[in-house]
Amino acid sequence: MTTRREFVAFVGCAFMGAAHAQAPRKREVVVRGKRVKTVDIHAHCAVPEAMALLKQKATQPGLILAMDERIRHMDEQGIDIEALSINPYWYGAERDVAAEIIRIQNERLAEICAHEPERFVAFASVALQHPDLAARQLEDAVKKMRLRGAGIGGSVAGAELSDPKFHPFWAKAEELGVLVFIHPQGTAELKSRLRGNGGLENTIGNPLETTLALSHLIFEGTLDRFPGLRICAAHGGGYLPSYAPRSDHICITFPERCAAVPLKKQPTEYLRQLYFDSLVFTPEALRHLAAQVGPSQLVMGTDYPFPWTKTAVDHILGTPELTDAERIAVLGDTAARLLGING
């Protein structure tokens, strides 16, 4: 495995080593006198060397940060560990090119985690457009590189994650018992309607894709076929948790519309076996999400380095309906368990 760290970037963020000895004092998060290890499950990065294979670039003005800068930001915000993931841009790549992209990315992710094992873990990249290959890539990444699961998009070149062609990947994820982090890529088929002011491709398109992805996984029986799956959805699961009872009532009011794939449970019951990050912006939104899916299913997510919020820790601490035990779980304990983080 190469150690050329200059090829690793955090969304245009060159990996220049851990020269952060002069960093300000780290914020320690304490709940009722107990020091809490915090885990951010939603943190982006990129590997320019891999992106170059598809003639893409990771550099974005204002987002070029060295490793020491990222760790300084984590320290300021009270983030102990980031679970790194890479948004899939390679789902249209041919098999050989996709295989090389994934090899490079997973090796670089493993290097970062080995260099800073107390601060970073990572989700493997997989070429999900080639499901058999993705299954092998996941197994290699977990067993040989100590990556902690897989980061995938909310759809794959227009195909739903519930499509039977992806069953080999889901079977492998279930067998390995690792977490799959779903991050939306937008809803390209609605591009014409999402034009205009407000950045609607992101504002609406991203949570909508997650809503569609989770709904299909439920209604097409994927979660019944693979009941041991561990799945975490970004952005609080999109819109699904906020309007979940309609999913139950469609099967009550129009049972014929749920007859093609009979489910073992009511649709809303599946939400309590999924996990959701905390990126829902207000205490009331987080309270409602916890009430709908259960506090045990929530984990902290920041979406770093995109500046949606710099207060993920305070967001959780400031939601009054959560108990102290629940805050501790959301801040890090649940994610640490799912990701195999010890101590």
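Author: A helix here is a DSSP run of H or I of at least four residues, a strand is a run of E of at least two, and both are numbered from the N terminus. The model is predicted, so local features need pLDDT of at least 70 and side-chain atom pairs pLDDT 80 or more, whereas totals for chains, interfaces and linings use all residues. Residues are numbered from 1 along each chain as its sequence is written, and side-chain values use heavy atoms, without hydrogens and water.

Reader: What makes a space in this structure a cavity, and how many of 30 Å³ or more are there?

Author: On a 1 Å grid over the protein atoms alone, a cavity is a set of points where a 1.4 Å probe fits but cannot get out, and lining residues have an atom within 4 Å of a point. Searching the whole structure gives two cavities of 30 Å³ or more.

Reader: Which classes of residue line the largest cavity, and what decides the class?

Author: Ala, Val, Leu, Ile, Met, Phe, Trp, Tyr, Cys and Pro count as nonpolar, Asp, Glu, Lys and Arg as charged, and the others, Gly among them, as polar. The lining of the largest cavity, which includes Ser-215, Ile-218, Phe-219 and Leu-271, therefore divides into six nonpolar, three polar and no charged residues. H7 contributes three residues, the most to this lining. The second largest cavity has three nonpolar, three polar and two charged lining residues.

Reader: How many aromatic pairs are there, and how do you know whether Phe-123 and Phe-181 are stacked or tilted?

Author: Rings of Phe, Tyr and Trp (its six-membered ring) pair if their centres lie within 6.5 Å, and planes under 30 degrees apart count as stacked, over 60 as edge-to-face and the rest as tilted. There are five aromatic pairs by this rule. Phe-123 and Phe-181 lie 5.6 Å apart, centre to centre, with 15° between the planes, and are stacked. Phe-123 is in the loop between strand S5 (120-122) and helix H4 (131-145) and Phe-181 is in strand S9 (residues 179-183), so the pair ties together parts 58 residues apart in sequence.

Reader: What makes S6 and S12 edge strands?

Author: Two strands pair if DSSP finds at least two bridges between them. The open sheet has five strands in the order S6-S9-S10-S11-S12, with parallel pairing. Strand S6 (149-153) and S12 each have a single partner strand, so one side of each is left without a neighbour in the sheet. Within the sheet, two bridges join strand S10 (residues 230-233) to S11, and Cys-232 stands opposite Tyr-275 in S11.

Technical notes: On a 1 Å grid over the protein atoms alone, a cavity is a set of points where a 1.4 Å probe fits but cannot get out, and a pocket is an open set with protein on both sides within 12 Å along at least five of seven lines; lining residues have an atom within 4 Å of a point. Grid points are joined across faces, edges and corners, and a volume is the space filled by probe spheres set on the points.
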